[in-house]
Amino acid sequence: MAHSVEAMNPSSILILHGGALGDFVLAVHFAAALREHWNVQHVAMWARSGLLVWMEGVHPIDEVARLGVLTPFLYRDDERSVSERRRAISRFEAIVSLFGGAAEPVVRPLARACRGNIYGIDPRPRTDGPLAGKHITEQWLHQVGIESAGTAPTSALCDIDTETRQGWFVNLRRRLRLGESRPVALCHPGSGSLKKCIRIEQWKVLIAALRECDFDVAWMIGPDERERMPTSWHRELASAAPVLYEEELPAAAELVAGCDLYIGLDAGMTHVAAMTGVKTVALFGPTDPNVWRPLGRDVRVVRFSEKNRDEDLAYRVMVAV
């Protein structure tokens with residue numbers, strides 16, 4: 001059930017999220033907007049993302065916990081567990097669930113202990129009506145009674161101090177065995193769906209264009225690409241540029257935050273790059289970027305289709321850079 005902003009401005013909220021990396025980052029933007037509109041003093045997030053703990057203490061998340069670790073706490077019904085749950089939840093004036101509603105199994109035991117309102121958010125995008133085509137964060141805000149004046153929240157969320165970012169900058173170049181004289185562009189060629197990917201030949205043309213503009217270029221891949229893609233694909237990558245493999249999400253986020261330019265597909269790590277404030281070019285194919293584009297202070301979206309000539313796509317990316 002949605003409530004108007006006038007009905008309640010909670011000073012402390014708990015946000016529940018169970019989606020993948022890209023959706024998690026957008027949920028953090030959503031949390032930032034809730035803090036601003038409701039003047040929230042304390043924001044806690046319980047989620048499944050491996051990036052969650054890395055986000056603790058970074059605006060707008062004050063407190064985090066992994067949902068998997070909390071499972072016994074959530075579902076045990078013995079007297080001690082119920083008492084502990086009530087004590088942990090009663091300090092929040094509202095619960096905002098991105099699982100779909102207060103009737104969802106993960107929300108029910110919390111709802112019994114919450115002293116305030118439960119906001120159930122359907123995280124799926126609307127395909128009709130006035131919200132169709134709006135950014136997904138705007139759609140979520142609408143569901144809690146906040147009208148965002150037609151703009152998605154775009155603040156760069158990671159409050160990274162200069163010394164920390166410089167350390168990540170140095171670590172990235174050390175991993176790639178590079179000096180500090182030229183800027184580094186990281187290219188992420190993977191996504192959760194092959195329909196969201198561009199051909200390796202298009203990447204190679206783009207990499208050549210980046211080098212002509214005096215960039216050092218490297219690939220960044222994670223465990224999903226390493227496991228799903230064939231050996232021939234990995235050989236093609238290595239023949240074009242150095243391959244930087246990182247299995248742990250927090251370490252990958254720090255490498256991304258240390259680069260000068262990030263180019264990625266409609267995938268979770270592209271949202272991470274945008275959130276850290278790095279100059280980001282997001283390549284979108286079949287997905288609507290009006291709904292799912294990454295949010296940050298320096299983000300450009302370039303559309304592609306199977307009809308694009310390799311040189312045309314590279315040209316449009318370089319114009320965006």
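Four acidic residues, D224, E227, E247 and E248, come together on the surface as a patch of negative charge. Keep in mind that this is a predicted model. E247 sits in the loop that joins strand 8 (243-245) to helix 10 (249-257).

Now go back to helix 1, residues 21-38. Helix 1 holds 18 residues. From its first C-alpha to its last, helix 1 reaches 25 Å. That is close to the 26 Å expected at 1.5 Å a residue. Is helix 1 mostly covered or mostly open? It is mostly covered, with 15 of its 18 residues buried. Just after helix 1 comes N39, with a positive phi of about 55°.

Next, look at charges that pair up. A salt bridge here needs a side-chain nitrogen of Lys or Arg within 4 Å of a carboxyl oxygen of Asp or Glu. By this rule there are 11 salt bridges. Three of them are worth a visit.

The side chain of R35 meets that of D62 in a salt bridge, at 2.6 Å from N to O. Where do the two partners lie? R35 is in helix 1, while D62 is in the loop between strand 2 (42-47) and strand 3 (63-66). They are 27 residues apart, and the pair links distant parts of the chain. The two partners also fall into separate burial classes. R35 has 15% relative accessibility, so it counts as buried. D62 has 34%, so it counts as partly exposed.

The second salt bridge joins R182 and D216, at 2.7 Å from N to O. D216 is buried because its relative accessibility is 15%. R182 is partly exposed because its relative accessible area is 28%. The story does not stop at two residues. R182, D214 and D216 are linked in a network of salt bridges.

Look at D214 for a moment. D214 lies in the loop between helix 7 and strand 7. Its phi is near 75°, a positive value in a residue other than glycine. Is D214 buried or partly exposed? D214 counts as partly exposed because its relative accessibility is 39%.

D266 is in the loop between strand 9 (261-265) and helix 11 (268-276), and K196 is in the loop between strand 6 and helix 7 (200-212), so the pair ties together parts that are 70 residues apart in sequence. D266 has a relative accessible area of 10%, so it is buried. K196 has 24% relative accessibility, so it counts as partly exposed.

Return to the loop between helix 6 and strand 6, where R182 lies. R177 is in this loop as well. R177 is not a glycine, yet it has a positive phi of about 60°. With 79% relative accessibility, R177 counts as exposed. L178 is found in the loop between helix 6 and strand 6 too. At 29% relative accessibility, L178 counts as partly exposed.

How far apart are the C-alpha atoms of L178 and D216? They are separated by 8.3 Å, and the two residues are 38 residues apart along the chain. R182 and D260 are 78 residues apart in sequence and 9.4 Å apart in space, C-alpha to C-alpha.

End with helix 13 (residues 310-320), which contains E311. E311 counts as partly exposed, at 44% relative accessibility. E311 and Q202 are 109 residues apart along the chain, and their C-alpha atoms are separated by 7.5 Å.

Definitions and conventions:
Residues numbered from 1 in each chain as written. Predicted model: local features only at pLDDT ≥ 70, side-chain atom pairs only at ≥ 80, totals over all residues. Heavy atoms only, no water. Patch = residues over 30% accessible without salt bridge, like charges linked within 9 Å, V, L, I, M, F, W, Y side chains within 5 Å. Areas by Shrake-Rupley, 256 points an atom, 1.4 Å probe, with all protein chains shown as cover. Lys, Arg positive; Asp, Glu negative; His and termini not counted. Charge placed at Lys NZ, Arg CZ, Asp CG, Glu CD. Helix = DSSP H or I, 4+ residues; strand = E, 2+ residues; numbered from the N terminus. Expected span 1.5 Å × (residues − 1). Buried < 20%, exposed > 50% of the residue type's maximum accessible area, 1.4 Å probe, protein only.
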